[in-house]
Amino acid sequence: MKLTKKRIAEIVFDHNDWASRTFDVVLLVLIFGSVIVATLDSVAELRSRFGTTFYILEVVFTVLFTIEYILRVWLTGKTLRYVTSFYGIVDLLAILPFYLSFFVADVQLLTVVRALRLLRVVRILKLGRYLSEADFISQSLKASMAKIQIFLFTVLTVVLIMGTLMYLVEGPSSGFTSIPRGMYWAIVTLTTVGFGDITPSTPLGQFIASLIMLLGYAIIAVPTGIVSSEMAKRRNPHDLIHSKTCHSCGAEGLGIDDKFCKKCGGEL
């Protein structure tokens, strides 16, 4: 089968046939491999033993991701829109640090280069376009935003009240030197983290702390329930299986019958 530009674009951008899904799987393996190499390279003992191997693998990954980036720029109908889009910036950041290291020759700037090379882990963000549920979850979170904001406001109110109570009940002798300090303790306790750097010593303070701990377990379930409810309303198996991808901006989850992208207006 002859690979035309249109066919290559379908393989790179869409996920509806064997070739495009194979391309996605290979790219996922490369992304995970590059992130693992970048992570292991940060361990001094491993870098001293396998530094050369890590560097060679990094060169291979960078070359392959560069080819992918060039392909996407060439295939997209609106180059500038893709380059300035979220995924376009992520794709560029995934390869840019490696090439920058060739142009920074001053010894005093080597530390900056090493810091820039840490941006290699940004490649994990490239996974976003290959997760079929990503757009679905994003829409559910947006629909739940008002409820979540009210929930967060309620939690902040509880934190303020409890922090003030603990400041009044315990006082500076137990480490509650101010209301903000009391609020810090309330947040740590409410989230069930419990650093233990501030602890109540009076029976009343311990009783309030117990209430906050129990309240914390109840609060954890609230945002989960809100988002889950929206996800249940929006779930449509047909929409999850059949969808389109915009070649101009990389938008995912577009309707199979859509003629134009809902985000950039590009023709599908």
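Helices are DSSP runs of at least four residues, numbered from the N terminus. With this naming, the report describes a predicted model.

## Overall architecture

The protein chain contains 11 helices and zero strands. Of the 268 residues in the protein chain, 35% are buried. The chain exposes about 15900 Å², and carbon and sulfur atoms supply 70% of that area. Among contacts with a separation of 6 or more, 60% are accounted for by residues 24 or more positions apart.

The UniProt record, an unreviewed entry, places the feature "transmembrane region" at residues 21-40, 52-71, 83-105, 148-169, 181-198 and 204-227. In the model, residues 21-40 are 100% helix and 0% strand, and the end C-alpha atoms of this span lie 29 Å apart. Residues 52-71 are likewise 100% helix and 0% strand, with end C-alpha atoms 29 Å apart.

## Helix H1 and its partners

Helix H1 covers residues 5-13, and its buried residues are Arg7, Ile8, Ala9, Ile11, Val12 and Phe13. Against which helices do the buried residues of H1 pack? They pack against helix H2 (18-41) and helix H3 (44-75).

## Salt bridges

Side chains of opposite charge can pair when their charged atoms come close.

| Salt bridge | N to O distance |
|---|---|
| Glu10 and Arg7 | 3.3 Å |
| Arg72 and Glu68 | 2.7 Å |

Glu10 and Arg7 both lie in helix H1, three residues apart, which is about one turn of the helix. Glu10 is partly exposed because its relative accessible area is 27%, a value between the cut-offs of 20% and 50%.

Arg72 and Glu68 both lie in helix H3, four residues apart, again about one turn of the helix. Both Arg72 and Glu68 are buried.

## A nonpolar surface patch

Tyr55, Ile56, Val60, Val63, Leu64, Ile67, Tyr99, Phe102 and Phe103 make a nonpolar surface patch of about 870 Å². Which helix gives the largest share of the nonpolar patch? That share, six residues, comes from H3. One of the patch residues is Val63, which is found in helix H3. Val63 is classed as partly exposed because its relative accessible area is 41%.

## A buried serine in a loop

Ser174 is found in the loop between helix H8 (145-169) and helix H9 (179-190). Why does Ser174 count as buried? The reason is its relative accessibility of 15%, since buried means under 20%. The side chain of Ser174 makes a polar contact of 2.9 Å with the side chain of Glu170. When neighbours within four places in sequence are left aside, Ser174 is in contact with Ile198, Thr199 and Ser201.

Notes: Residues are numbered from 1 along each chain as its sequence is written. This is a predicted model: local features need pLDDT of at least 70, side-chain atom pairs count only at pLDDT 80 or more; totals for chains, interfaces and linings use all residues. Side-chain values use heavy atoms; hydrogens and water are left out. UniProt positions are given in the numbering used here, feature names are shortened, and annotations may be inferred rather than shown by experiment. Helices (H or I, at least four residues) and strands (E, at least two) are DSSP runs, numbered from the N terminus. Buried means under 20% relative accessible area, exposed over 50%, partly exposed in between (1.4 Å probe, protein chains only). Contact means heavy atoms within 4.5 Å. Accessible areas come from the Shrake-Rupley method with a 1.4 Å probe; for residues, only the protein chains shown count as cover. A polar contact is a pair of N or O atoms within 3.5 Å; within protein, one must be able to donate a hydrogen and the other to accept it, and residues adjacent in sequence count only if both atoms are side-chain atoms. Patches are made of residues with over 30% relative accessible area and no salt bridge: like charges are joined within 9 Å, nonpolar side chains (Val, Leu, Ile, Met, Phe, Trp, Tyr) within 5 Å. A salt bridge is a side-chain nitrogen of Lys or Arg within 4 Å of a carboxyl oxygen of Asp or Glu.
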